[in-house]
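Welcome! Let us take a friendly walk through the structure shown here.

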Amino acid sequence: MPMALIELHNLQKTYRVYHKKEGLRASIKGLFKRTYKEVQAVKGIDLQVEQGEFVAFLGPNGAGKTTTLKLLSGVIHPTSGTATVMGHTPWHRENDYRRRFALVMGQKNQLWWDLPAQESFRLHQQIYGIEPEAFQQTHDELTDLLGLRDLLSQPVRELSLGERMKMELTAALLHNPEVLFLDEPTIGLDVVAQHNIQQFLKYYQEKRKITILLTSHYMKDVAALCKRVVIIANGQIQYDGSLSGIIDETTNRKLVTLQFADPISDSLLSSLQRFGTLVHLEEPRVTLGVTRDDVPAMLTSILDAHDIDDLIVEEPPLEEVIAEVFARVAETSSTQRDEDGVA
Amino acid sequence: MAGYRPSYLTVFLTFARNSLVRDMSFRTNFILQCISTISWTVMNIGFYLIVFQYTDSIGKETGWGRNEFFVFLATTWIINSLVQTFFMPNAQQFSELIRSGNLDFALLKPIDTQFVISFPRVDWAALSNLFMGITLLCYSMYQLTTRESDPLVLDWRVLLMYPFYIVCGTIIMYSVMITLASTSVWLGRNQTLYNFWFYITNFSRYPMEIYKVGWGMALWVFFTFIIPVLLVVNIPARIMARPLSTMNSQMWQLAGFAILATLACLVLSRRVFVRALKSYRSASS
Amino acid sequence: MATTATHQPCVRSRMKTWWTILKISLEERFVYRGDFALGTLMRFLPIITQVFLWYAIFAASGKSKIEAYTANGVVAYYMLTMISRAFSSMPGLCNGIALQVRDGEIKKYLIQPIDLLGFLLITRVAHKLCYYAIALIPFAFVFFLCRGFFENGWPDPPILLAYSLSLILGFLLGFFIEACLGLVSFWFLEVTSLVFVYNLLNFFLSGHMFPLDLLPEWAAQFVYLLPFQFLAYFPAAVFLGTIEAGDVWRGLAVETCWLVFFILLARIMLNRGIQRYSGFGG
Ligand SMILES: Nc1ncnc2c1ncn2[C@@H]1O[C@H](COP(=O)(O)OP(=O)(O)O)[C@@H](O)[C@H]1O
Ligand SMILES: [Mg+2]
């Protein structure tokens with residue numbers, strides 16, 4: 001069986017964290033006896049990613065997305081499980097592997113703070129041993145694409161967040177990595193900068209056919225860039241498939257909005273609620289969440305009985321679906337924990 | 001591309017250059033730093049000049065008279081300045097990287113991680129101390145070689161051994177420092193790293209003979225054989241300041257041991273460093 | 001009256017925030033217990049090398065006394081300067097003021113009836129008290145171990161009283177000197193390097209590096225004219241009795257004069273600085 005470019009098997013990471021208690025007295029006690037808490041950040045992830053895929057990791061805060069990316073880039077060692085990326089085990093940190101991928105984190109920066117980005121780029125060239133011509137070419141291409149030409153000689157500390165992020169991206173791509181890990185690259189950026197970076201990533205990925213794993217909180221990023229979405233929550237994969245698939249899988253609900261010609265009476269409202277749950281009410285419009293299979297029956301019966309001015313049937317918005325997935329995960333995990341507690 | 005090895009020297013030179021560019025963009029700070037470094041050395045000389053008003057040597061019959069001791073002092077400064085120029089800012093930075101989780105990026109680089117941690121910053125201002133050290137060394141060597149009674153004759157072997165042991169001493173100091181910095185991984189934040197370092201190396205600042213009384217022997221053994229900071233300055237200074245013919249067999253044994261200790265420290269600190277990286281948890285900011 | 005009444009809650013709430021900050025910073029210290037435990041004990045390590053250095057010096061000199069000090073006396077002196085410094089050193093004060101000036105936070109003292117200096121002094125006192133509470137045990141432990149170095153034992157009650165006074169005055173003097181340095185930032189923004197130079201001078205001139213009595217006559221006369229000696233040397237010398245009883249009280253009087261001088265200087269600088277500041281439209 002040919003191996004995928006990135007393969008994870010039952011990957012786990014547990015952090016042991018010092019459990020700090022509130023208050024001065026507890027802190028003093030902590031001097032002598034420490035209590036530790038285990039945090040299972042990643043609880044067994046299996047995943048295969050093929051060459052050229054652009055995969056998004058979605059999940060609530062603390063789900064384990066960043067931890068997974070750190071494991072894949074070899075920054076931390078797993079508690080158990082295996083992973084191979086391009087045939088290498090990341091945490092062995094072989095130079096051959098490190099020359100072939102890059103990691104960009106929206107919350108951390110690697111450029112020298114007090115120096116122009118240009119100097120950091122040159123350092124990269126030497127560390128990665130990039131041929132001068134190849135370096136110049138990649139460098140020019142990236143800076144043109146990202147519109148950084150005029151900012152190269154400015155100390156990094158004087159750049160805006162968006163500009164800095166673009167510089168970070170440039171630095172990460174100078175050695176033409178085949179695999180790119182992006183951890184919330186658009187965090188904190190304004191809409192324009194976000195859009196720029198999206199466009200750039202899309203273009204760059206299509207052109208170079210590199211493999212990208214991205215985590216982001218902005219659904220726009222995900223919708224614009226990734227065909228494949230992996231939802232992680234509580235350190236486990238909850239969903240792995242296409243973006244549209246999530247909607248089909250998680251919700252069999254449609255949103256039906258009705259605009260009535262007449263004022264909506266209480267009795268009408270309660271009769272409507274037989275068909276589905278009330279989502280929104282703003283006279284003369286009512287929005288109901290209705291099971292997909294029930295929609296035709298509902299429509300016939302209502303259209304028969306009432307005067308309807310307007311009618312919309314739509315998918316619930318992506319954000320909402322994702323939120324629903326997260327909520328459901330939270331629920332199952334809390335019941336799981338209760339069961340664990342009993343056992 | 002495959003199998004390419006980065007040129008460590010080129011990378012180091014770029015580090016040094018970048019640091020210089022950076023230092024030059026904060027010029028006032030740079031100059032003030034030089035001034036305070038130099039005033040510190042002047043104050044040190046002042047202190048020992050006062051001490052030598054009351055005594056002819058440090059310790060009875062140890063041979064550390066005024067000029068000999070100033071050779072010792074100069075050696076201390078030379079080694080200290082090398083450590084402070086090349087390693088101190090990096091060790092501090094290393095602790096900070098561990099705390100903030102920014103060590104991640106160093107771990108991604110296709111180059112030895114210890115190298116990329118140990119060298120990125122060069123504190124050029126600290127080199128002023130090297131200058132002061134060399135000046136004091138030259139002055140007191142001149143005094144020693146031209147004094148009326150029993151002038152010191154410089155042996156060519158000394159001129160080879162002195163720089164060699166300076167390098168050994170610097171490596172020992174570096175190893176202690178990087179080991180200390182690595183412990184930040186386990187201790188959380190290591191704010192007192194600098195103090196700890198100062199207190200340990202404090203023992204290396206004086207001739208080892210002064211510890212060889214009473215329970216000081218325990219200290220002498222500890223800081224010679226366990227954490228060999230006592231060898232750092234003592235060996236090169238002893239070789240330089242006094243005729244080789246007065247070196248007794250114990251001194252030669254220690255000099256031989258110093259080479260061994262240097263290697264051992266380097267290997268050990270490397271191990272601790274690698275262990276630390278394994279335990280690194282990459283704090284999320 | 002009315003104004004004080006209306007502003008009182010403000011002051012109180014501010015004190016409360018500061019108290020909270022204080023507590024948090026203490027808790028932080030405890031969390032990093034590795035640092036904390038090592039840090040406090042490590043502070044005494046240099047004393048060990050001092051002991052050996054001075055014993056070597058005394059052994060070679062063949063004297064039993066250098067100026068007023070025996071070998072043990074010198075060690076006792078160094079230990080006492082650690083106490084002096086625990087009172088008179090003000091880590092972060094100067095830079096803190098400079099930062100407030102730079103960020104324009106100083107403005108709130110123009111609007112609210114809080115006196116900047118008084119406020120800083122109170123928080124500093126609180127901070128110091130907390131520090132002493134923590135450091136008392138290791139200090140007592142080390143002093144108990146090293147009690148042999150104090151050949152004369154405890155001084156007489158009046159001298160002890162003078163010693164306590166000199167520590168308290170030392171604290172105030174240290175505070176106001178550094179406050180003045182910090183207020184310089186109204187005129188020069190970069191005081192960080194200034195503080196560095198000050199600390200360096202202080203180390204030498206306050207007697208932290210060695211007992212000032214060892215200085216040659218001409219240098220000693222000059223150094224005794226400066227206020228630095230009160231930050232480390234003077235209290236230690238009082239405790240050891242190397243200063244005669246009469247001179248002790250005169251010394252305290254001189255110290256008080258210096259203190260008054262720096263209080264006035266700080267006041268004037270603050271007023272001038274604020275005038276200048278608001279003149280610019282801040
Ligand atoms: N360095 C660390 N030390 C201890 N716990 C950590 C560390 N990094 C992450 N965690 C914990 O692991 C879990 C997953 O974190 P993370 O992977 O950063 O989540 P995400 O990126 O999905 O928001 C969280 O509960 C977090 O508190
Ligand atoms: Mg994250």
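The notes below cover the ligand and then some salt bridges.

## About the model

This is a predicted model, in which local features need pLDDT of at least 70 and side-chain atom pairs count only at pLDDT 80 or more, while totals for chains, interfaces and linings use all residues. Residues are numbered from 1 along each chain as its sequence is written, chains are lettered from A and ligands numbered from 1 in the order in which they are written, and side-chain values use heavy atoms, leaving out hydrogens and water.

## Around ligand 1

Ligand 1 sits between chains A and B.

A backbone N or O atom of Gly62(A) is 2.7 Å from an oxygen atom of ligand 1. On chain B, a backbone N or O atom of Arg281(B) lies 2.9 Å from a nitrogen atom of the ligand.

## Salt bridges

Over all chains, the count is 20 salt bridges (a side-chain nitrogen of Lys or Arg within 4 Å of a carboxyl oxygen of Asp or Glu). One of them joins the side chains of Arg17(B) and Glu119(A), at 3.1 Å from N to O. This pair crosses between chains, from helix 1 (residues 8–25) of chain B to helix 4 (residues 117–128) of chain A; helices are DSSP runs of H or I with at least four residues.

Arg17(B) is partly exposed, with a relative accessible area of 38%, whereas Glu119(A) is buried at 11%. Buried means under 20%, exposed over 50%, and partly exposed in between, using a 1.4 Å probe and protein chains only.

Methods: Near = heavy atom within 4 Å. Polar contact = N/O pair within 3.5 Å; in protein donor to acceptor, adjacent residues only side chain to side chain. Helix = DSSP H or I, 4+ residues; strand = E, 2+ residues; numbered from the N terminus.
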